[in-house]
Amino acid sequence: MKRHLTSAASASCLLLALLLQGCGGGSSPSSGAPAGAAQWADGLITGFGSVFVDGVELEDAKASVVTENADGSSTNSVLQMGQRVRVNHDGKGTASKVTVDAAVIGAVSNINATALTLTVAGQAVSINNDANAGPLTVWGGGYSSISDISNGDLIEVHGNPVFDVGTSTYKVVATRVQKMAAISSLKVNGKVSNLNTSAKTFSLNGLNVAYGSAALRPTGASLANDLQVSVFGPSSGLVGSTLTASHLKIKRLQDELSTDTTLQIGGQVSAFDNSAKTFEVQGVKVSFTSTTVISPSSAAVANNAYVQVSGTVGSDGRVTATRIQVREQNTNNDLAKVKLIGVISDFVDARSFVVRGVPVDASAINAVTACPGITLANNVPVQIVASQQAGTPVVLASNLTCPPPPALMIRPVDGLVSAVDATAKTFLLTPSTGSAVTVQWTDTTAFAGLTASGLSGMQIRVQAYQSGSTLVARVVSVSEAGLDDDHYRPRPDAPAAQAQEWARYRQSHPGRP
């Protein structure tokens with residue numbers, strides 16, 4: 001499925017030639033690491049096609065996509081725009097595992113719609129509606145703005161920790177906020193301070209964490225001040241400003257990189273020290289030197305700038321940067337661009353459709369000149385370059401092409417389920433037009449809004465790739481499953497709902513024809 005966009009993607013390929021050979025069809029990594037060495041990417045989802053992490057394409061069709069649970073087990077997950085992910089890949093752009101890593105999960109309190117701030121599980125969260133200031137906050141689960149949130153709502157927040165000098169704590173600048181129907185546990189991330197090993201307590205961004213009964217991972221590890229941790233607790237575990245932890249995970253970057261020390265990491269800069277030539281990204285210390293390449297050359301690395309760092313990890317967990325790309329709005333090599341490669345689905349007209357689960361406004365594109373001789377419709381392969389927009393999951397396309405499809409491509413297929421075989425993990429999917437097709441689910445298939453045991457008789461959508469005469473499902477979902485394109489799908493029970501959603505979008509974004 002790896003098929004590269006032209007100008008925007010080539011800049012990312014050049015930027016990360018250290019990491020991802022194959023962007024331009026190359027053969028051996030220039031970093032000196034052996035071809036195929038396991039490597040690491042930590043950043044923000046900025047597109048699909050494969051999956052784009054801070055603009056860099058990583059093939060994920062056969063990778064496991066998981067969320068790590070409190071006890072260290074994992075649950076299959078669905079990738080969505082604005083999520084932070086950690087990706088294990090082979091150094092040539094093929095991922096083996098994608099881990100979805102939310103910054104905060106819990107109940108909402110202290111909403112300030114004017115200041116665009118709220119508190120979630122005792123952690124300060126900031127919303128960004130200014131594309132010039134960094135990645136916009138993506139809304140999910142039915143939200144479209146901070147005004148939709150109520151105290152007590154359960155939400156999942158993805159974002160970047162930024163150090164607040166005034167409070168000497170970290171706040172989360174949200175890249176995605178999603179309403180949740182339920183949560184399995186509270187989760188907060190941060191650095192340990194005020195550790196009291198006798199009382200079994202420490203501070204974490206204004207929270208008092210009681211860890212006396214918590215299971216600590218990795219086994220045999222010891223807590224210390226300044227260590228990064230993920231803290232989990234029951235939904236009832238936060239009382240006032242004290243969180244009683246059920247599980248603790250110590251997050252040491254050097255432990256995650258067991259076979260190679262080369263990585264990319266993206267996020268907003270904190271604790272910038274030009275004298276010491278250091279700063280933090282995602283709580284990770286980064287060192288840079290006069291030989292570190294900064295792109296664009298005119299850009300400044302400074303507090304709050306969103307950057308993508310390429311480099312190596314030392315035994316102490318510090319990253320030595322070889323290249324730093326600074327996110328700037330509206331540049332050809334911009335980290336702000338959304339990139340989508342896939343087939344059109346949920347087609348309304350040439351300006352309103354979905355690609356890889358992301359609603360696309362193509363009203364700025366002349367489809368006749370963009371794709372000569374091709375009529376846009378469902379199942380037409382396209383490549384999109386677009387920009388985020390505040391208050392909507394719809395991205396605004398600035399470039400569209402219609403290349404031949406790659407050999408491996410994930411496609412959406414809608415239909416009615418029958419003949420479920422739980423042992424073989426197969427079922428028949430009958431679309432509204434055409435013949436039934438066999439669908440295979442696997443141990444890495446994610447189910448959204450339903451379970452494998454409840455498939456029979458359901459009207460579903462599978463995101464799948466072709467393997468012989470069988471579709472191999474990556475995601476199985478129903479409408480209203482909390483996915484970003486839910487309201488932009490045609491619904492048999494409400495056929496006018498899709499058009500109404502696009503009409504609401506255009507009313508809230510005047511100037512779109």
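1. Basis of the note. This is a predicted model, in which local features need a pLDDT of at least 70 and side-chain atom pairs count only at pLDDT 80 or more, while totals for chains, interfaces and linings use all residues. Residues are numbered from 1 along each chain as its sequence is written, and side-chain values use heavy atoms, with hydrogens and water left out.

2. Overall form. The secondary structure comes to 4 helices and 39 strands, where helices (H or I, at least four residues) and strands (E, at least two) are DSSP runs numbered from the N terminus. The C-alpha atoms fill a box of roughly 65 × 50 × 50 Å along the principal axes. For 513 residues a compact globule would have a radius of gyration near 24 Å, and the 22 Å of the protein agrees with this; the radius is taken over C-alpha atoms, and the globule rule is 2.2 Å times the number of residues to the power 0.38. Of the 513 residues, 54% count as buried, where buried means under 20% relative accessible area, exposed over 50%, and partly exposed in between (1.4 Å probe, protein chains only).

3. An open sheet. Five strands form an open sheet in the order E15-E16-E17-E21-E20, with mixed pairing; two strands are taken to pair if DSSP finds at least two bridges between them. Strand E15 (193-196) and E20 stand at the edges with a single partner strand each, so one side of each is left without a neighbour in the sheet. E15 pairs with strand E16 (residues 201-204) in the antiparallel sense over 2 bridges, and Asn 196 has Thr 201 in E16 as its bridge partner.

4. Salt bridges across the sequence. The count comes to 18 salt bridges, each being a side-chain nitrogen of Lys or Arg within 4 Å of a carboxyl oxygen of Asp or Glu. One of them joins Asp 42 and Arg 84 at 2.8 Å, N to O; this pair links distant parts of the chain, with Asp 42 in strand E1 (residues 39-48) and Arg 84 in strand E6 (residues 84-89), 42 residues apart. Asp 42 is buried at 11% relative accessibility, and Arg 84 is buried at 4%. Another joins Lys 251 to Asp 101, with the closest N and O atoms 3.4 Å apart. Lys 251 lies in the loop between strand E22 (247-250) and helix H2 (253-256) and Asp 101 in the loop between strand E7 (95-100) and strand E8 (104-112), so the pair ties together parts that are 150 residues apart in sequence. Asp 101 is buried, with a relative accessible area of 14%.

5. A salt-bridge network. Which residues does the network of shared partners join? In the bridge between Arg 461 and Asp 346 the closest N and O atoms are 2.5 Å apart. Arg 461 lies in strand E38 (residues 459-467) and Asp 346 in strand E29 (residues 337-349), so the pair ties together parts that are 115 residues apart in sequence. Both Arg 461 and Asp 346 are buried, and salt bridges that share partners join Asp 346, Asp 414, Arg 461, Asp 485, Asp 486 and Arg 489 into one network.

6. Cavities. A search of the whole structure finds 7 cavities of 30 Å³ or more. On a 1 Å grid over the protein atoms alone, a cavity is a set of points where a 1.4 Å probe fits but cannot get out, whereas a pocket is an open set with protein on both sides within 12 Å along at least five of seven lines; lining residues have an atom within 4 Å of a point. Grid points are joined across faces, edges and corners, and a volume is the space filled by probe spheres set on the points. The largest cavity has a volume of about 360 Å³ and is lined by 23 residues, with Val 78, Leu 79, Arg 356, Gln 463 and Val 475 nearest its centre. E38 and strand E39 (470-477) are the elements that give two or more residues to this lining, and E39 supplies the largest share, 3 residues.

7. The second largest pocket. This pocket has a volume of about 690 Å³, and among its 34 lining residues the closest to its centre are Gln 228, Lys 251, Gln 282, Gly 283 and Val 284. The elements that give two or more residues to its lining include E1, E6, E19 and H2.

8. An exposed serine. Ser 236 is found in the loop between strand E19 (228-233) and strand E20 (238-239), and is exposed, with a relative accessible area of 60%. Ser 236 and Gly 106 are 130 residues apart in sequence and 10.0 Å apart in space, C-alpha to C-alpha.
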